[in-house]
Structure formats: structure tokens, C-alpha cells
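Dear colleague,

I am passing on a structure that you have not worked with before, and I would be glad if you could look through it with the notes below beside you.

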Amino acid sequence: MSRNYNYFRIFLVVSLYWSVSISMVFTNKHLLSTSQDVPLFVTAFQCICSIAACLLLRLASLPRRSFLRIPPVSLNTSESLSILPLSLTFVSMITLNNLCLHFVGVAFYNVIRSLTTVFNLILTYFILGEKTSVPAVLACFLIIFGFLLGIDVENGGFASPNFSVISVVTGVAASFFVALNAIFTKQSLTKLNGNIFKLTLYNNINASCIFIPVILYFEFSKLSTVFFSFNFYFWFAMIAAGLFSVSIGYVTGLQIRTTSAITHNVSGTAKACVQTVVAVLVYRLDKSALWWLSNGLVCLGAAGYTEARRRAMDSNNKRQSSLL
């Protein structure tokens, strides 16, 4: 009975992660496809929602009988500035993610952003000095091949006049900053004594401050339309996207805690495959066999990389246990 309950709990947690993640991508795509055309403001609004969520959670934890246990957080300028490299990377990551989603469809989003695994391997080696196994490297080559095949098929050939350079550039750049953000997050946590709540609050405050001058420069003329011609559906989608952006951090942590980091990666790969299929069905797209092959190669490469990392971790753990 206990084992069945655990399986059921894992199923619920993974389903929750998939639902929130896929819903967030589709909601963001809807927002970025509207006539408002304010992708930077859409992105910054989600940071503001994260700040509001942190403050509300802190208030909810104040009563003695509250089930929440969040330590007091006082805003410290030196601590906030210490994670500025992370915040700059974070702003670049979420901005490029949304710009990429603005230029490509949800169905192709998995392929255009697939190089995150490759950049993760490269940056881990050059920044953290961690070596990886040959199978992991081979899996990355499979991802690269799937990525190149995908952008060729999606754009009608590399020499095609319809080839979208901007979608490829934003996709590759977004992948780079996603991988870099993961490394900087790990380093920034040590500066804040592992306090995830403080890191989330500081990072989103920094990001919001960075966004202000950028939005005023690029989207100031469009903001009056956004605020004064009140569009109920636009703001409803904005609030929904904000809630999803807040929730994704929680459900990601919940999935990792309920299963494991490796299982989370497997779940993310499977989710990306399902997201692609759902997008093709929702938007009624007609895709060729080569297009599906590119998606399959990317997913297979990501799964192979995860398996190679799992074996390397198991081998390392056994080696450390034998030394004790």
C-alpha cells in the first residue's frame, strides 16, 4: 500500500510539473503573439509577480502557527550586488527565452532551445573544471545533429530566403544563458549561505531594476497603449503567466525532492516531447518526417546525456564509498 501511494504521489507531482510548465509556455506564446508587442514588459512583469509572491509568503509565515517556515529577510545592498552577475544572466536568459518564443512556434521551441545541454557540458568544464564522460559527449553531438536538421527543415533550407536568422540566434543565445544561469545560481547560493528564498527575492529585485531602463528605451511608446486601453484578456493572460512563472520554481523543486535531479531531467525531456505533440495538435500543423526525426534526435540525445550523467554519478558515489 505504501509503495502504491508513493508511485501515485510521484505521478501527481510529475503531472503537476508538466501541467504548469506546458501551460506557461503556451500562455507566454499567446502574450508574445498579441498586438501589444511588449515582450520586455511581459518578461519584467513575471519578475514583479515573483517579488510579490516572496513578500506574500513571508507575511504568511509570520503567525506562530503558520505551516510556512521562512526566515526573516532584510534587504542588504552588498548581498544584492554580490549576485549581480547572476541577475544579469537571469535577465538575459528570460528575455531571450521569450524573444525566441516570439519568433518560433511552441512546436519547434524544444529543438531551437535544445543546445542548453551542450552548453551545460561546455561551461561545466571551463568554469567549474568538471570533466564528463565520452557517452555524454556523444549524446551532445546527437543533439547538435538534431538541432541542425531541425532548423534546416523548419526554415526550408539554410540557403532559403525565408531562413530566420533571428530565431536561430535567440534560440542559441537563450540556450547559452540557461546553462550559464544554472552555474551562477549554484555559485550565488554559497554567497547567501544556501538561502534559496533570499536568492529568489534578491535576483528578481535586481532583474526588475535592470529591466526598467531597458523597457523605457525600447517599449516606452507602447506602454501607454498597454495601460490606458485596458484589455481584459491581455491582463488576464499576464496574471496567469505571472502565476505560472512563480509556480514553476516551486513545482520544479517539488519534483526534484520527490524523485531526484536525474529523474527531473528525464521528466523535462519527456515533457518537451509531449509539449511538441500538443502544439502540433493544437495549432493543426502538418510536419514532415524529417521534422519529426529532428525532434526525436534531440529528445534521444537529451535522454542519452541524462543516462550518461547518471552512470557517472553512480560510479563516483561507489568510488567514494570504497574510500570510506
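With which side chain does the side chain of Asn206 make a polar contact at 3.1 Å? The partner is the side chain of Ser87, where a polar contact is a pair of N or O atoms within 3.5 Å, of which, within protein, one must be able to donate a hydrogen and the other to accept it, and where residues adjacent in sequence count only if both atoms are side-chain atoms.

Before going further, please keep in mind that this is a predicted model, in which local features need pLDDT of at least 70 and side-chain atom pairs count only at pLDDT 80 or more, while totals for chains, interfaces and linings use all residues. Residues are numbered from 1 along each chain as its sequence is written, and side-chain values use heavy atoms, with hydrogens and water left out.

As for the overall fold, the chain has twelve helices and zero strands, these elements being DSSP runs numbered from the N terminus (H or I and at least four residues for helices, E and at least two for strands). The radius of gyration is 21 Å, close to the 20 Å that the globule rule gives for 324 residues, so the chain is as compact as a globular protein of that length; the radius is taken over C-alpha atoms, and the rule is 2.2 Å times the number of residues to the power 0.38. Along its principal axes the C-alpha trace spans about 60 × 50 × 45 Å.

Buried residues make up 44% of the 324 residues, with buried meaning under 20% relative accessible area, exposed over 50%, and partly exposed in between (1.4 Å probe, protein chains only). Among contacts between residues at least 6 apart in sequence, 83% join residues at least 24 apart, a contact being heavy atoms within 4.5 Å.

To return to Asn206, this residue is placed in helix 9 (residues 196–228) and counts as buried at 9% relative accessibility. Its side chain also makes a polar contact with the side chain of Ser80, at 2.6 Å, and, leaving aside neighbours within four places in sequence, Asn206 is in contact with Ser80, Ile83, Leu84 and Ser87.

Ser294, in helix 12 (residues 289–323), is buried with a relative accessible area of 0%. The C-alpha atoms of Ser294 and Phe147 are separated by 6.6 Å, although the two residues are 147 apart along the chain. Apart from neighbours within four places in sequence, Ser294 is in contact with Val111, Gly146, Leu149 and Gly150.

In helix 8 sits Thr170, buried with a relative accessible area of 4%. A polar atom of the Thr170 side chain lies 3.0 Å from the backbone oxygen of Ser167, and, not counting residues up to four places away in sequence, Thr170 touches Leu96, Leu99, Cys100 and Phe103.

Two loop residues also deserve a look. Most residues other than glycine have a negative phi. Asn193, in the loop between helix 8 (165–191) and helix 9, has a positive phi near 55 degrees and counts as exposed at 75% relative accessibility. Arg284, found in the loop between helix 11 (261–282) and helix 12, likewise has a positive phi, near 55 degrees, and counts as exposed at 77% relative accessibility.
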